[in-house]
2 protein chains.
Amino acid sequence: MNQSKKDLLDTLAGVARALGHGNRLELIERLAQSEAPVEALADTTDLSVANASQHLQQLRRAGLVTARRQGRQVIYGLTDERVVQLVGLLGDIAETNLAEAERLVSRLFSEEDADGALEPVSRETLRAGLERGEVTLLDTRPEDEYRAGHLPGAINAPLDQLDQILDQLPRDREIVAYCRGPYCALSHEVVQRLTELGFRVRRFEEGFPEWKAAGLPVQA
Amino acid sequence: MNQSKKDLLDTLAGVARALGHGNRLELIERLAQSEAPVEALADTTDLSVANASQHLQQLRRAGLVTARRQGRQVIYGLTDERVVQLVGLLGDIAETNLAEAERLVSRLFSEEDADGALEPVSRETLRAGLERGEVTLLDTRPEDEYRAGHLPGAINAPLDQLDQILDQLPRDREIVAYCRGPYCALSHEVVQRLTELGFRVRRFEEGFPEWKAAGLPVQA
DNA sequence: GATATATTCAAGCAATCAATTGAATATTGA
DNA sequence: TCAATATTCAATTGATTGCTTGAATATATC
C-alpha cells in the first residue's frame, strides 16, 4: 500500500473524526444558519465558551469552518456549502441504516407529526409553488438567523411572535413553514399551532441550509 | 436543547467516528468494489485478520456495512451506495479545504499526471462517448474486482496483463481507463504505459463505485 | 498607556480507542 | 464426533479525546 495514499486516507479520516462529536455537529448545524462569534455559538449550543472554542478549532483544523477576526470577536462560518450536504448525507444514511437513529427521529417528531399532519413539501414542489406565487412561506427560525439570510419572500414567523403576524396569513392559500433542516423542530411547532387555528399549512421537508447548498436563491 | 435531538446528533456523530480511521476508509474503499470475506479484506488492506474484523464490526455497528454468513465465511458489503457518495464528498471537501490533503493528492499523482497527460474524462463525457460507441473502455482493477462488476463493455486490463491485450486495442479510437475512484492510482499507471506505446488514452476522473452509485448501468 | 472584553491556551483527570495476542466460537467435511 | 478453517471475543497496553479551571493573549475603548 502506497504511503501517499495512506497519508491521504488518514487526512480524510481526520476530517471525519472532526464530525465525530455531537457538540461539533450541533455547532455545524448552527453555523449552517449563519456565521457567528464564539460566544453566540456557545450560547445556542449550551457549551462553555472555552469548550465551544476548542470544538471550533478542531473543525477549523479539519477545514470545515473558517475563522476571521472582526474587532475583538472571532467570527466562525462554514467554509463550504458542501459541509451541509455532508452532514445531511450522514443523516440520511444513519436514518435508513440505523434502527436506533430511526427511532430517535421518530421520537423527535412523534407528537407534532401525529396523524393529522400533512405530508411535508419537497424542495422541488416548494420551488415550483413559489415560482407560480401559489405559496405563502414562513421562516420559523429566530429573527437573527432570518436576518442573516432566508428564502425569497419568506415571512419571519418564530413561534413566540406568531400571534402578531396572524393577520398577514391567508386562509385560502397554502402556507409552507421551514426552519433549520430536517432535524429541526421549529417548523413542526409552528405547523401544529397554525393547523389548530385552521390554516392550510405544511412543512418544508428540508431547511434553509439545504436550500442554500442546492444553489437556490436566498435573500438577505 | 432537546434531549432527543442531542441523542440523534450523538448517533450521527457515531457514524462519523466510524469513518474516522484510515484503515476503515480503506476497507470501505475496497468494499465499494465488491463484497468480500474478512480474510480477503484483511489481505488487500494489509491488516491482521483480527484487526480487520474489529474495524469491520465498528463499521457494522455504524450501519455502514452489512455482514452475512456464507458457509464458514462472513461476507461484508456496503449497506448502501450512498456510503460511497459520503466518502467521496468527504474527499472533495478535504481536497478543496485542506492544503495538506491537496498536497497529498498532487503528490499521489505527480509523476503519472505530469505535463504530457491529457485531461481526465468526466462521467457525462464518458457516458455520451460510450453511448455513441466511440470509446474503448479499460477496467484497470484486478481481475476479481472486475468480475464482481464493471462498466458495460469494459475490457479488464490490469497493468501486469496489459501486454496480452495490446492487440485488442484500437490505435485510431479514443481509449478511456478507469479504476477504483479518484484516489486510485491504477488507471494512471495504465494510461502512462499506453501513452508511451502511442495509444490515444485518457483517464476517467472517477471510478467504478461512483459510476455505480450514480445509478448508471453496470455489467457483472 | 490602562482597562475591559472576547477568545484562546495549558494543565490535569477520566474516558475512549487502536492494535496485539491468545483463546473461544461456529461451520464444514472427514 | 473430531479436526480444520474462518471469524470473533477478551484482556492488555499506550495513545488520544473531552471537559473543566484558571491564566494568557489580542483588540477596542477610555
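The legends below describe close-up views of a predicted model. As a predicted model, it is treated with cut-offs: local features need pLDDT of at least 70, side-chain atom pairs count only at pLDDT 80 or more, and totals for chains, interfaces and linings use all residues. Residues are numbered from 1 along each chain as its sequence is written, chains are lettered from A and ligands numbered from 1 in the order in which they are written, and side-chain values use heavy atoms, with hydrogens and water left out.

View 1. A residue is near a strand if one of its heavy atoms lies within 4 Å of it. Helices (H or I, at least four residues) and strands (E, at least two) are DSSP runs, numbered from the N terminus. By class, the surface near DNA strand C has seven nonpolar, 11 polar and six charged residues. Here Ala, Val, Leu, Ile, Met, Phe, Trp, Tyr, Cys and Pro count as nonpolar, Asp, Glu, Lys and Arg as charged, and the others, Gly among them, as polar.

View 2. Sugar or phosphate accounts for 86% of the atoms of DNA strand C within 4 Å of the protein, and bases for the rest. A polar contact is a pair of N or O atoms within 3.5 Å; within protein, one must be able to donate a hydrogen and the other to accept it, and residues adjacent in sequence count only if both atoms are side-chain atoms. The side chain of A:Arg72 has an N or O atom 2.6 Å from a sugar or linking oxygen. From the other chain, B:His55 has a polar side-chain atom 2.6 Å from a phosphate oxygen.

**View 3. Protein surface and polar contacts at DNA strand D.** Around DNA strand D there are 23 residues, and A:His55, A:Gln58, B:Ser53, B:Gln57 and B:Tyr76 come nearest. At least two residues of the surface come from each of helix H2 (22-33) and helix H4 (49-61) of chain A, and helix H3 (38-45), helix H4 (49-61) and strand S3 (73-78) of chain B. The classes are seven nonpolar, 11 polar and five charged. Phosphate oxygens lie 2.4 Å from a side-chain N or O atom of B:Gln57 and 2.7 Å from one of B:Tyr76. A backbone N or O atom of B:Glu39 is 3.0 Å from a phosphate oxygen.

**View 4. Helix H5 of chain A against helix H5 of chain B.** Both helices span residues 81-97; they pack at about 160°, with axes 10 Å apart. Axes are lines fitted to C-alpha atoms, for helices over the stretch in contact, and angles run from 0 to 180 degrees between N-to-C directions. H5(A) and H5(B) are therefore roughly antiparallel (under 35 degrees is roughly parallel, over 145 roughly antiparallel, 65 to 115 roughly perpendicular and the rest oblique). The crossing is left-handed (near helix turned anticlockwise from the far one by less than a right angle; right-handed if clockwise). Residues in contact (heavy atoms within 4.5 Å) include A:Leu86, A:Leu89 and A:Ile93 in H5(A), and B:Leu86, B:Leu89 and B:Ile93 in H5(B). By class, this contact has 10 nonpolar, four polar and four charged residues.

**View 5. Helices H2 and H3 within chain A.** The axes of H2(A) and H3(A) come within 10 Å and cross at roughly 115°. The crossing is right-handed. A:Glu26, A:Leu27, A:Arg30 and A:Leu31 in H2(A) meet A:Leu41, A:Thr44 and A:Thr45 in H3(A).
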